[in-house]
Amino acid sequence: MAKYYVIAGELSGDIHASNMMKHLLDIDSKINFRFWGGDMMSKITGKLPIKHIKDLSFMGFVDVLKNIRTIFKNIAFCKKDILEYKPDILILVDFPGFNLRIADWAKKQGFIIIYYISPTIWAWHESRVNTIKRVCDKMYVILPFEPEVYAKHNYTAEYVGHPLLDAIADKKNELLNFEIFKKTNQLTNKKIVALLPGSRKQEIKKMLKVMLSVVHHFPHYQFVIAGTHNLSPSAYNLAHQQNVKVIYNQTYALMQHAHIGLIKSGTSTLESAIFKLPQVICYKAGALSIKIARLLVGNRVKYIGLPNLIMNEPIVTELLQEDFTSERLILEINLLLEEKNRNEILNKYDQLIELLGNSGASKKVAHSIYDYLNKKQ
């Protein structure tokens, strides 16, 4: 019985790792998984994670520094746990700050190391490619331009397509139609503006107040927040005070039925594009974290939002830091409500989806990993 050790440290990693694990179990139902992750991975395996993602994810340089002791304790515990479990293969999913440290150590212990979903070496810390070349037996990437970035460093990365296409395709059949969605969540017939302020406490604190500040300017629309159970309900107190609905575990359904979205930069911006939801990409972090990030990134990256990065053009507006204000949000929402602008964005979304390639990334990765391990054994 093959033993797989999988580490995912964020919500998106939990989703993509769980889909990969599902396909691995389809190939061989006797695979034994031990993992760091979330509820999706638990659902697939019927096991609890060794560490849950809600206890692992820290946002920004300042937050990382505040929690540095916890992070180092987790790293030490992870190393000990791997040595005790003695896996046949170690699969690291995104989460580079943690996973690259584990990979560097695990390689010296003689473990087979697979990395799925590359660190953003094209944005910053390009020097990390040297670590990746040294410690990763295989790297699977999900953005179409990434193999070329690695090729410049004489390393072969395998492009498998974006697993979001699979995750969304799997969920679309389960989504409620609008009438049921509306009734279930006690919504009105007004068109929906979806608010996705993030899934971390720090993100909600930075983002939600500005997003909610525009609600009264659009009385003919209903604003609905995609909430997360990873946070206490009190995180959304400001929304409750303004009678703005917070719905949980229905993010894809909200994207499906919304007219426009105000979306925190991250995976959700690409999900919104795949759902054909016109959006404004929003982001605000602590001043010190942003200053450090700008020093590290420099002029290498023109955009922060995934749709813009992949298309290499500003197909949707990004409001970052000092630009993320009530006034700018009002302006951009009004632009999204104009039919001409909406159609231009939707056309660009079609091009983006075509560029991402066919679905099947999760299955492709699973088969490749399984075959690779069999050849090594």
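Visitor: What makes you say that Asp 94 has no salt bridge?
Guide: In this predicted model, the nearest side chain of opposite charge to Asp 94 is Arg 128, which is 8.0 Å away. A salt bridge requires a side-chain nitrogen of Lys or Arg within 4 Å of a carboxyl oxygen, so Asp 94, although buried, has none.

Visitor: Where is Asp 94 found, and with which residues is Asp 94 in contact, leaving aside its neighbours within four places in sequence?
Guide: Asp 94 is found in the loop that runs between strand β3 (89-93) and helix α5 (96-108). With those sequence neighbours left aside, its contacts are Glu 10, Ser 12, Asn 99, Tyr 115, Tyr 116, Ile 117 and Ser 118.

Visitor: How do you know that Lys 264 and Glu 203 form a salt bridge?
Guide: The closest N and O atoms of Lys 264 and Glu 203 are 2.8 Å apart, and the cut-off is 4 Å, so the pair qualifies. This pair links distant parts of the chain, since Lys 264 belongs to strand β10 (residues 260-264) and Glu 203 to helix α10 (residues 201-212), 61 residues apart.

Visitor: Why are Lys 264 and Glu 203 called buried?
Guide: Buried means under 20% relative accessible area; Lys 264 has 13% and Glu 203 has 1%, so both residues receive that label.

Visitor: What makes the pair of Glu 158 and Lys 138 a salt bridge?
Guide: Their side chains meet with an N to O distance of 3.5 Å, which is within the 4 Å cut-off, so the pair counts. Here too distant parts of the chain are linked, with Glu 158 in strand β6 (residues 158-159) and Lys 138 in strand β5 (residues 138-141), 20 residues apart. Glu 158 is partly exposed because its relative accessible area is 28%.

Visitor: How many salt bridges does this rule give?
Guide: The count comes to 15 salt bridges.

Definitions and conventions. Residues are numbered from 1 along each chain as its sequence is written. This is a predicted model: local features need pLDDT of at least 70, side-chain atom pairs count only at pLDDT 80 or more; totals for chains, interfaces and linings use all residues. Side-chain values use heavy atoms; hydrogens and water are left out. Helices (H or I, at least four residues) and strands (E, at least two) are DSSP runs, numbered from the N terminus. Buried means under 20% relative accessible area, exposed over 50%, partly exposed in between (1.4 Å probe, protein chains only). Lys and Arg count as positive and Asp and Glu as negative; His and the chain ends are not counted. Contact means heavy atoms within 4.5 Å.
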